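Dear colleague,

Please find below the structure that I am handing over to you. My notes on what was found in it follow.

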Amino acid sequence: MVAADALQSEHRLIVAGSGGQGILTFCKLLCSAAVQEGRNVTYLPSYGPEVRSGTARCRVIISPETIHSPLVEEPDSLIVFNQSSYDRFAPTLRPGGLLLVNSSAVEAEEGGAAKVLALPATDLAAEMGSVKVANSILLGAFVSATGVVSEESCLDALTEHWGRRRADMAELNVQALKRGAELVVESATAPLKGRKSV
Amino acid sequence: MTAKQGEQEVATPIYRRPPALLDVLTHYCPGCGHGTMHRLLAELLDEMGIREQTIGVAPVGCAVVAYDYLDIDWSEAAHGRPPAVATGLKRIHPDKVVFTYQGDGDLASIGMAETIHAANRGENISIFFINNGIYGMTGGQMAPTTLIGQKSSTTPGGRDAEDTGYPIRMCELLNQLEAPAFLARGTLTSPRRVRETKRLMKKALSYQMEKVGFSMVEVLTSCPTHWRMTPGESLRYIEQTVSRVFPLGVIKDVKAAEE
Amino acid sequence: MDPSTGVGAKVLTSGNEAAAEAAIRAGCRFYAGYPITPQVELMAYMATELAARGGVFVQAESEVAAINMIYGASAAGARAMTSSSSPGISLKQEGISYLAGSELPAVIVNVQRGSPGLGNISPAQSDYYQATRGGGHGDYRTITLAPATVQEMCDLTYLAFDLADNYRTPVIILSDGMVGQMMEAVSFDHLPEPSPPPKPWALTGTPGRERNTVVSFRLTPEDLAELNRRLQGRYADICRNEVLYELAGPEDADVLLVAYGTAARICRQVVERPPQALPFKVALLRPITLWPFPGEALAEMAERVKGILVVELSAGQMVDDVRLAVEGRCRVEFFGRMGGQVPTASETVERLVGLFA
C-alpha cells in the first residue's frame, strides 16, 4: 500500500553493489514507476570503466518538487547488494532511515539507528530459477516497505522493461518482485534482522 | 588548315578550353601536372554531362584553390580530410557525383586514416590522387611517396630508407581492403599516357554513378620546380624511374573481376 | 525548462539520449561520432534512431574524421551534429575552426570529463575556456550553451540547431558527465516541427544557378580581413540577441552565486533548500549561454550584492568572465572542485559562510 505521506515527501536513496547485480535496472525501474506516477526523479549512476564486476552504484531522488542537486549526502534509504557497498555507505544513512540488505552477500551489524530489513535475495532468486532476479526481489521489498511508489507502477515498469529486452525474463521478474513484497508484509509482525533471517 | 574571317586568315582551333574549365590563369608552375589533370577532369565533366551534378573537394597543397579553376560546386577541406568531407557530402547527396582531388602529402601522410577508412567503408566517391613525390606548396619537403635517394629540402642527401622508410604505394595498400571497387595508376608523360589516364578517370566516375563503390585513380605527375629538372627531364624521370616504383595500370577493378 | 512542468508525456531519459532525440526532432540529418565515455549513449542512440528515421549515422574512424564529415554534411545543406568528451573535443578543434571560417552551421556536444590529458571519466567543467574562446586557431567564437538538466539537454540541443543555421556558425553544447549520464523525466512533445532557413550557399550541384564554394581560405590579407569583419559583425549580433541566463532566489540577496550546468544545480539547492541554515540571503545567476556571456545582467547584480561566489567543477575559468563583467563593483570569490569531483550543497554552504558571514 502506498502511504499518502510517501507521495508528498522527497525520498533519497543510494543503491549499491557490484556490476552485473542489476543495480542500475533496480533504479531505472523505480524511477520509471515514479515518473509514471507524475513525480520528479533524478537517477545518477556512478559509471566505472568496468563493464562487469567493479562497483555499481546509483543515487536516486524521488520528489513531488523540482529536484536541484542530484547528489545524495544522507540517504533516506540504502539498498546494498554486497559487503563493500554496505561498509562504505551504511555510515551515511540518515538516522531512522531504511537499510535494505541482500543478506546472501552482506553481514549487517545489529543495532544502530537504522531500520534494518535483510533478505537473502541472491539465495531466494537462485531458488526461483535465476540469481539475476535478486534485484527484483529487493525492489519488491523496498517498495512494499516504503510505499515510495506503488507496487502496480513498479510491475508496469518492470513488465515494460523486460518485455522490450527479454520477454522470457519478464514473468520471473514479476514473480520475484511480488515475492520480495510479500516477504516484507510477512515480516511485519516479526522484523527481519541480520543474516539469513528469513 | 585555314578559314576566311573577314580579311584576316586565322587557324581553325584544334584546341578549345572545355566549358567546365574556368577562363582564368592558374597559379601552377610551368611543367606542373595539375594543369593537365584539371583539363582532363573538365573534359570528363562536360563529355559525361555531369558538370551540374558534381561536387568537388579540394585539398591543402598546391591544388588548394582547385575550386577557382573548375566550374562546379566545391568545398575545401582541412589538410588530409577530403575523404571525410566527401563522406558527409555524398551521404547527404547520394545521387550527386562527389570527388576529392588530393596530393601525396594530403592523402598519404596527414590524411592516411581518412583515405583508408573511406576506402574501407566503400564510400561511393572518387579520389583523384596526384602523386608527384614532394610537398610542392611548402617548398619541396619529403613526401610519403618520395623515392629512395630522391633529394628534397628535408632529405638534402637523398631519402634514406633507414631513416625515413620507403615510398608508400597507395593503390597497392588500398588493394588489401575488401571494399574498393576500382584502383588504378596512370601518368601524363605522353599523349598516349594522358589518354589512358583519362580513360581510368572516366571509369572511376562511371563506377560512382553506377553505385559500384569507392574508386581511386593515382596519377604520377611531375614537379620540375622542386625536382630541379626541366619539364622534359621530369617526364623522362617519371617514365624511367618513378613508374618503376609505382607501376602503371589497373590494380583492382571489381567489374573486370566479375566479367 | 523546469522538469516539474508539463506532466504528461514525460519519459525517463538520460541527458545524452535526450540530446540525441532533440537533435533528430530538430531535423538533424547527419551524425558522425567516435566512441568516448561519458557520451557514448548519445552515439548509440543515433546509431539506432537516426538511421531508422531517415537520417545518416556514421561511426567515424577518428574524432578528426567525425568533425570533417560534419563539415561535408553541413556544406551539403543538412543539419549535422557530432558529440564527444573533452579529449575528443580537443581533437576536433581544427575542424571547428574550419567550420567557423567557412561559415558552416554545426552542433557539437561536449560531455565534459576530468582533464587534462586522458584525465578520467567523471564530470568536470574544465573546458570552459576552450568552448567560449573558440578553441581552435583564429579569431572566432562558438555559441556555447550550458544545460543543467536533462530537459535542457533536450531543449538547448534543439535551440542549438536554429542558432547554428541562423548565424551560420558552429554551436557547442557544453555539458558534463553528470548531466549526460543522469536520467530525469523529460518531455519532447513541446518541440515544434523544425523549419531550417533556406541555404542558397549549400553545395547541391549547380543546375540553374552559379556555382557555390564553401571555403575559409582567403589568400590576400584584404580578403581575409573582410571575412573576419563579417564574422565579428555576426558575433556582435549574437551578443546583442542571444544571451540566456536564469536568476533564482531573493531579489535582495546579500551574496550572489554564479554557476552553470551541474555546479548550478548544486548552487540552486543552496538557494532553495540549503542543507544548513545560512546567516544571509543568497541568490543564483546561472548563465545558460556561456558565450555570449550574460555580463550585463551580472554587472547589474554586482551593484546590489555584497559579494559573488563563482562555483565551477574546475580550477576557475568562468570566474575570469565574471571578474571582467563585474569590473570591481563587488568582491568576487571562487569555489571549485577539480579532477571529476563535484562539490556538495553542504560544502558550498560552508564555503559561503566562511567567506561572507
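This is a predicted model: local features need pLDDT of at least 70, side-chain atom pairs count only at pLDDT 80 or more; totals for chains, interfaces and linings use all residues.

In chain C, 35 residues are in contact with 35 residues of chain B. The size of an interface is often given as the accessible area lost when the parts come together. Here the area buried between the two chains is about 2,600 Å², and carbon and sulfur atoms give 59% of that area. On the side of chain C, the residues that lose the most area to chain B are C:E61, C:R211 and C:F217; together they account for 24% of what that side buries.

C:E61 also takes part in a salt bridge, its partner being B:R121. The closest N and O atoms of this pair are 2.9 Å apart. Between chain C and chain B, the count of salt bridges is three, and 17 residue pairs are in polar contact, both residues being at pLDDT 80 or more.

Which elements of chain C give two or more residues to the side that touches chain B? They are β2 (28-33), β3 (56-59), α3 (63-75), α4 (86-101) and β9 (213-214). The largest share, eight residues, comes from α3(C). By residue type, this side of chain C divides into 19 nonpolar, eleven polar and five charged residues.

Finally, β9(C) is joined to strand β4 (residues 73-76) of chain B by two bridges, and these strands run parallel. Within β9(C), C:T213 is the bridge partner of B:W74.

With kind regards

Technical notes:
Residues are numbered from 1 along each chain as its sequence is written. Chains are lettered from A and ligands numbered from 1 in the order in which they are written. Side-chain values use heavy atoms; hydrogens and water are left out. Contact means heavy atoms within 4.5 Å. Buried area is the accessible area (1.4 Å probe) that two parts lose on being put together, summed over both. A salt bridge is a side-chain nitrogen of Lys or Arg within 4 Å of a carboxyl oxygen of Asp or Glu. A polar contact is a pair of N or O atoms within 3.5 Å; within protein, one must be able to donate a hydrogen and the other to accept it, and residues adjacent in sequence count only if both atoms are side-chain atoms. Helices (H or I, at least four residues) and strands (E, at least two) are DSSP runs, numbered from the N terminus. Ala, Val, Leu, Ile, Met, Phe, Trp, Tyr, Cys and Pro count as nonpolar, Asp, Glu, Lys and Arg as charged, and the others, Gly among them, as polar. Two strands pair if DSSP finds at least two bridges between them.
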